[in-house]
Amino acid sequence: MSIAVVALVFGVASALEIRGALEREREFRAAPACVSVPVRASGCVWKQEFTVREADTNRGERNASPEAELVLPSGKPWKVTFLRADPVVSELEPDDKVVGLIWHGRVVGVRDSDGRRQQTSSGPVGWPEDRLGGALACVSFGLTALVGGLWPLLARGDRRHARAGMVVRWHGVGLGATAILTLWAQSANDWPMWAIPAIWGPLALLILASMTAFALAAVRGDLDDDAPREAQPQTT
């Protein structure tokens, strides 16, 4: 049950961050281009050319994000990290030229010489969708896992209720996995944010209907595997 509580906490936290992530993304998309090089962190967007000093995907290293060290024409280094290695970081080599997008004093995206673009870890685009998908996955799994964990405790010693609780918990895993797969599909196809609940909602209803049917069957004993066998004729 501790896993269910932790999932619920993360789900609620993600849901509370959706509004702030939306506002930040809207601010970025509406930001004007800077008319000159900003001397301090500014809400305008500035395109700056950098030279790549080094880049590392950090594949195979635990808890290590892809990163690159970019150098300004003045020689000042900027170290940036990314959520994933593709499509830009994995292709970067020392002395390559890239154009960095600077917003509020941070490099939020880069574009290489072939025109490929990639957002850095500081980029504001896509976070509302991630928060929504995370909230749906964690809250749906957390609630069902909590119900499935409490059910056998309220009917201690009853095998049928214990089996019903297990049914609910496994369907909770399905709800969470479906939310994650929906988020992956939305991100891969660049669908709008509303596509996440539009796709996940009907699938979740089907899973909930299945969960209800199987839980009731478990309580009735329809899933018991200890039905008496027919007596076999004895031979002498």
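**Exercise 1. Find out how much of residues 167-186 is helix and how far apart the end C-alpha atoms are.**

Step 1: Go through the secondary structure. Residues 167-186 are 100% helix and 0% strand. Helices (H or I, at least four residues) and strands (E, at least two) are DSSP runs, numbered from the N terminus.

Step 2: Take the ends. Their C-alpha atoms sit 29 Å apart.

Step 3: Check the record. UniProt, in an unreviewed entry, puts the feature "transmembrane region" at residues 132-155, 167-186 and 198-219. Its positions are in the numbering used here, feature names are shortened, and annotations may be inferred rather than shown by experiment.

A word on the model before going on: it is predicted, so local features need pLDDT of at least 70 and side-chain atom pairs pLDDT 80 or more, while totals for chains, interfaces and linings use all residues. Residues are numbered from 1 along each chain as its sequence is written, and side-chain values use heavy atoms, with hydrogens and water left out.

**Exercise 2. Work out where Ser140 lies and what its side chain reaches.**

Step 1: Ser140 belongs to helix 2 (residues 127-154).

Step 2: Buried or exposed? Ser140 is buried, because its relative accessible area is 9%. The cut-offs are under 20% for buried, over 50% for exposed, and partly exposed in between (1.4 Å probe, protein chains only).

Step 3: Look for polar contacts (pairs of N or O atoms within 3.5 Å; within protein, one must be able to donate a hydrogen and the other to accept it, and residues adjacent in sequence count only if both atoms are side-chain atoms). The Ser140 side chain reaches the backbone oxygen of Leu136 at 2.5 Å, and a polar atom of that side chain lies 3.2 Å from the backbone oxygen of Ala137.

Step 4: List the neighbours. Leaving out residues up to four places away in sequence, Ser140 touches Ala135, Leu175, Gly176 and Trp200; contact here is heavy atoms within 4.5 Å.

**Exercise 3. Classify the ring pair of Phe28 and Trp103.**

Step 1: Count. The structure has 2 aromatic pairs. Rings of Phe, Tyr and Trp (its six-membered ring) pair if their centres lie within 6.5 Å; planes under 30 degrees apart are stacked, over 60 edge-to-face, and the rest tilted.

Step 2: Apply that. The Phe28 and Trp103 rings have centres 5.2 Å apart and planes at 70°, so this pair is edge-to-face.

Step 3: Trace the chain. The pair links distant parts, with Phe28 in helix 1 (residues 2-30) and Trp103 in strand 4 (residues 97-103), 75 residues apart.

Step 4: Check burial. Phe28 is buried at 15% relative accessible area, and Trp103 is buried at 2%.

**Exercise 4. Compute the sequence and space separation of Ala177 and Gly142.**

Step 1: Ala177 lies in helix 3 and is partly exposed, at 35% relative accessible area.

Step 2: Ala177 and Gly142 are 35 residues apart in sequence and 12 Å apart, C-alpha to C-alpha.
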